[in-house]
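This report describes a few side-chain arrangements in one protein model. Please look at the sequence and the structure first.

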Amino acid sequence: MDPYLILIGAAMLVMSILLSPLSSRVGVPVLLIFLGVGMLMGEDGAGGIRFDDFELAFVIGNLALAVILLDGGMRTRAETFRVGLKPAMLLATVGVLITAVLAGLCAWLVFDLHWMVALLIGAIISSTDAAAVFSLLQGHGLHLNERVSATLEIESGSNDPMAIFLTLMLVSMLSAGGASSLTDGLTMLVSQFGIGAVIGTLGGFLVVEMANRVRLTAALYPLMVGAAGLCVFAGTNILGGSGFLAIYLAGVIIGNRPVRMMPMILQVHDGLAWLAQLCLFLMLGLLVSPSDLLPLVGGGLILALALIFVIRPLAVFSTLWPFGFNRRELLYISWVGLRGAVPIVLALFPIMAGLPEARDIFHFAFFIVLVSLVVQGSSLAPLARKLKLEVPATGEPYRRLPLDVPAAGDHELMLFPLRGDRWDDPRPLGQLQLPDNTSIAGVFRNRQCLAPSPDLVISKGDVVAVFAVSGALSELGKSLSGKQAPRHLAERAFFGDFVLNGDALLGDVEQVYGIEFDELPPELSLAECFAKRTKGHPVVGDKVTLGPVVLVARATESDRVTKVGLKMTDS
């Protein structure tokens, strides 16, 4: 291999990584920076690199998306499926179909194309991109309420089969001069979803069994999970199913089962997912020359803005209205219809099929992705805060280290730095409220390790090492949170000064606090108030206004609110 190619590729990676901090400073998505570096080094840019191997790009794109979906699946909590599965699946199927048809109609009107070519463009840009959604939500540090975050994550990870089905069906129809069998199309759709779901589920359980039964060197567990995930992806594609759906489901199962060395697996796969995104967007940037996009600016901008401001909202509102979303949530889900690598990879299908309009279709898809990342990606965090969809975050440890010792069971060593105003006042270790089955391992201060004792005083700047199981993270985060929450997300400001049980009756609250709830019967519990307002799926952060007070869901279990915060409406 030419050493100059290695040098150029490595230099592009280094450049992209060094420029990534600009994302938070100038408010643009980091994926757009990677894409920009690729275009800068391309044929029309300073690098002058000519790259037009679409078959290689297709292979790299599929592998990169598989790695990204596996990592995203492992970070999706199974409990979020109770509120997000049904709406996300409807949006991932019917919503994608609505988007494809309306976008195709818009492309037909704007570009004066054959209706099947226009519909193919609509199908290619119809699905949101998991890589963009996962990276932008995590990159901005957003902690959205569970109803919104679950719907976005599940939809972006599961809407590819419908988009692939529509794209392949239209490509085959165009290649065959318009002749195609409806039965063949429906068979393809069922295969994409059915085979993908079955193999993904079985593959996920198989990977869990392998990880827990085979004793390996610690560093090999992440590699084994990654290689097995790619086996699931490739095997599903061979059998005619959706490899993207399969590897996402496999990741969900792996991430929600007890797996040996799971913290290390997640840590390594986080790096692999970033590497995949870097390589993917750099390569896609190399594929396109800015001079090819200039003729499309007028019509492409009309289609992109119609997709963002009209088509996506119509798809979201028409599919999600029965599920108890409020207007602010529907508006935000509409806005996070991010287009990323998936539409560009799908746009490679017409090129590989040799369609005469293939290059134009590819450039249309690329331009729309650029507009989506610039317009939508740069405003995700501000819009979430403006719509008041954030909830207080659970404090995460600075580092989690698995203990690969049978006697330790599921315990890990977690490091919590003490930061923020709450630690300005020193306090003894004995005053900390720690969960059961948890033990302080030590306290680090000025490069010294101090033995824990109830009288040891800790303060800002110390690092507390704790032995605990992953299930204790939420309580530990509250006691040792290393991050000072913004004022509007501080617990008292968000939930109020009073904490009530979800089983408390409205009549009892009226008597204790001297409040009158004339519109609701006194025998109704607080939990039932939330169930009525949210159609049975309440999440932390849901609010119910009753006269002079606001009830805020503070904790939930299954589909029931267990803890309620009480705020006065003028607070």
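The charged end of Lys-543 is placed over the ring of Phe-494, at 5.3 Å from the ring centre. A charge sits over a ring if NZ of Lys or CZ of Arg is within 6 Å of the ring centre and within 35 degrees of the ring normal.

The model is a predicted one: local features need pLDDT of at least 70, side-chain atom pairs count only at pLDDT 80 or more, and totals for chains, interfaces and linings use all residues. Residues are numbered from 1 along each chain as its sequence is written, and side-chain values use heavy atoms, with hydrogens and water left out.

**Aromatic pairs**

Two aromatic rings are described by the distance of the centres and the angle of the planes. Rings of Phe, Tyr and Trp (its six-membered ring) pair if their centres lie within 6.5 Å; planes under 30 degrees apart count as stacked, over 60 as edge-to-face and the rest as tilted. The whole structure holds 8 aromatic pairs. One of them joins Phe-54 and Phe-362, with centres 5.7 Å apart and planes at 85°, so this pair is edge-to-face. Because Phe-54 lies in helix 4 (residues 54–74) and Phe-362 in helix 19 (residues 358–375), the pair ties together parts that are 308 residues apart in sequence. Helices here are DSSP runs (H or I, at least four residues), numbered from the N terminus.

Phe-362 also pairs with Phe-366 in a tilted arrangement, 6.5 Å centre to centre with 40° between the planes. These two residues, Phe-362 and Phe-366, both lie in helix 19, 4 residues apart, about one turn of the helix.

**Burial**

Buried means under 20% relative accessible area, exposed over 50% and partly exposed in between (1.4 Å probe, protein chains only).

| Residue | Relative accessibility | Class |
|---|---|---|
| Phe-54 | 9% | buried |
| Phe-362 | 1% | buried |
| Phe-366 | 0% | buried |
| Glu-329 | 1% | buried |

**Glu-329**

Glu-329 is found in helix 16 (residues 327–335). Its side chain makes a polar contact of 3.1 Å with the side chain of Asn-145, and another of 2.7 Å joins the side chains of Glu-329 and Arg-147. A polar contact is a pair of N or O atoms within 3.5 Å; within protein, one must be able to donate a hydrogen and the other to accept it, and residues adjacent in sequence count only if both atoms are side-chain atoms.
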